[in-house]
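Work through the exercises below with the sequence and the coordinates open beside you. Each task is followed by a solution that goes step by step.

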Amino acid sequence: MTNRAYNFNAGPAALPLEVLQQAQQEFIDYAGTGMSIMEMSHRSSVFEGVNDGAQALLRELFGIPSQYKVLFLQGGASTQFAMIPMNLLTPGKSAAFVHTGSWAEKAYKEAKLIGETAIAATSEADKFNRIPALSDIRLPDNAAYLHITSNETIEGTQFAAYPDTGDVTLIGDMSSDILSRPVDVGKFGMIYAGAQKNLGPSGVTIVIVREDLVESSPKSLPTMLRYDTHVKNNSLYNTPPSFSVYLVGLMLQWIKDKGGVAAMEQFNRDKTKLIYDAIDQSGGYYRGFADTASRSLMNITFRLGSEALEKQFVKESEQHGFVGLKGHRSVGGLRASTYNAVPFESCKALAEFMGDFAKRNG
Ligand code: PMP
């Protein structure tokens, strides 16, 4: 089991070897039940234990206050782009967005289909290479909520601090940085994230929502698209993505064993420093895309002198065992995604490769 790739995929992404090995061990016979998690009724007490256990660990590690519900849903973070305005955008109110890049844009466009929207701040004029200053955020008088994308996966920018929105509900799409650093959950009315980057495999979406926000969804909303349906049924209204929930539980235990979320942040800082240093100390050979103050600890985006050189970099990196370094097709360049499970050794190897590549192709 040593032929693991240096996996810098943007999502689905690397999982810890220990987690995969535990899943492998339990795959055919989970806890002496004579069956795998995938073959088990989601109404069984064993699966309920898995479901409740994952929720409890998430609460503990992320410091989720008791008045918040934790839901495990399907449909990806993309479905939340629609469910949020469907449930929380009341007539006469406006959904406000900090327009930070590709994912904020998608969330904004989806809300526009449902009701009134507003851009509270944008960095579009700078090609989204930075998070707008918090002091530039302007909320409309009738704001129902402010939506932010805490980490822009494609551009490689991340909020260093979160805005204070007073009485206005703050909602965070944390798909690409959940549990990578401590967060004051109480600042947010809702936090959501697809699991497939920092928390496990694809197939399950984490929603953390304050109770009072889910009490009054419009009566006409379809059952599956209402938060209160899933709250009332402990995320077991219909058949859940049981294997994904199980793997999220294993991943959470791994984070706990590593020392929790604060330890994750330090780990992520240490390993990304290697790559950012390789960029900054290259004498301009590599150019970071994001403004230094907005740099992400999760997605490191950079460019080389020409597209031909970038192609060459990707090709040679693949020959050296690196996977996933090509930038998103919408922005080009290169991107290394360094989520919680990406080992220090992978980042060290990448930093070294970057140095060697620059020497060879200088
Ligand atoms: N938001 C962000 C910040 C993302 O990175 C992604 C996925 N790359 C999404 C939303 C969409 O997530 P999903 O594919 O789970 O719908």
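**Exercise 1: a helix and its cover**

In helix 7 of this predicted model, the buried residues are Met 264, Phe 267, Asn 268, Lys 271, Thr 272, Ile 275, Ala 278 and Ile 279. Determine what covers the buried residues of helix 7, and describe how helix 7 bends.

Solution. Begin with the extent: helix 7 runs over residues 261-280, and its 20 residues reach 27 Å from the first C-alpha to the last, close to the 28 Å expected at 1.5 Å a residue. Next, locate the bend, which is about 30 degrees and falls at Lys 273. Finally, list the cover of the buried residues, which includes helix 6 (242-257) and helix 9 (344-360), together with strand 11 (287-288), strand 12 (299-303) and strand 14 (334-337).

**Exercise 2: two annotated positions**

The unreviewed UniProt entry lists, under "binding site", Ala 77, Ser 78, Trp 103, Thr 153, Asp 173, Gln 196, Asn 238 and Thr 239. These positions are spread over 163 residues of sequence and also in space, up to 30.5 Å between C-alpha atoms. Decide whether Gln 196 is buried or exposed, and do likewise for Asn 238.

Solution. Gln 196 sits in the loop between strand 9 (190-194) and strand 10 (205-210), and it counts as buried because it has 25 C-beta neighbours inside 10 Å. Leaving aside residues up to four places away in sequence, Gln 196 touches Gly 11, Pro 12, Ala 13, Pro 201 and Ser 202. Asn 238, placed in the loop between helix 5 (227-232) and helix 6, counts as exposed because it has 12 such neighbours inside 10 Å.

Conventions. Residues are numbered from 1 along each chain as its sequence is written. This is a predicted model: local features need pLDDT of at least 70, side-chain atom pairs count only at pLDDT 80 or more; totals for chains, interfaces and linings use all residues. Helices (H or I, at least four residues) and strands (E, at least two) are DSSP runs, numbered from the N terminus. The expected span of a helix is 1.5 Å times one less than its number of residues. The bend at a residue is the angle between axes fitted to the seven residues ending there and the seven starting there. A residue is buried if 20 or more other C-beta atoms lie within 10 Å of its own, exposed if 12 or fewer, and partly exposed in between; C-beta atoms are placed from the backbone. Two residues are in contact if their C-beta atoms, placed from the backbone, lie within 7 Å. UniProt positions are given in the numbering used here, feature names are shortened, and annotations may be inferred rather than shown by experiment.
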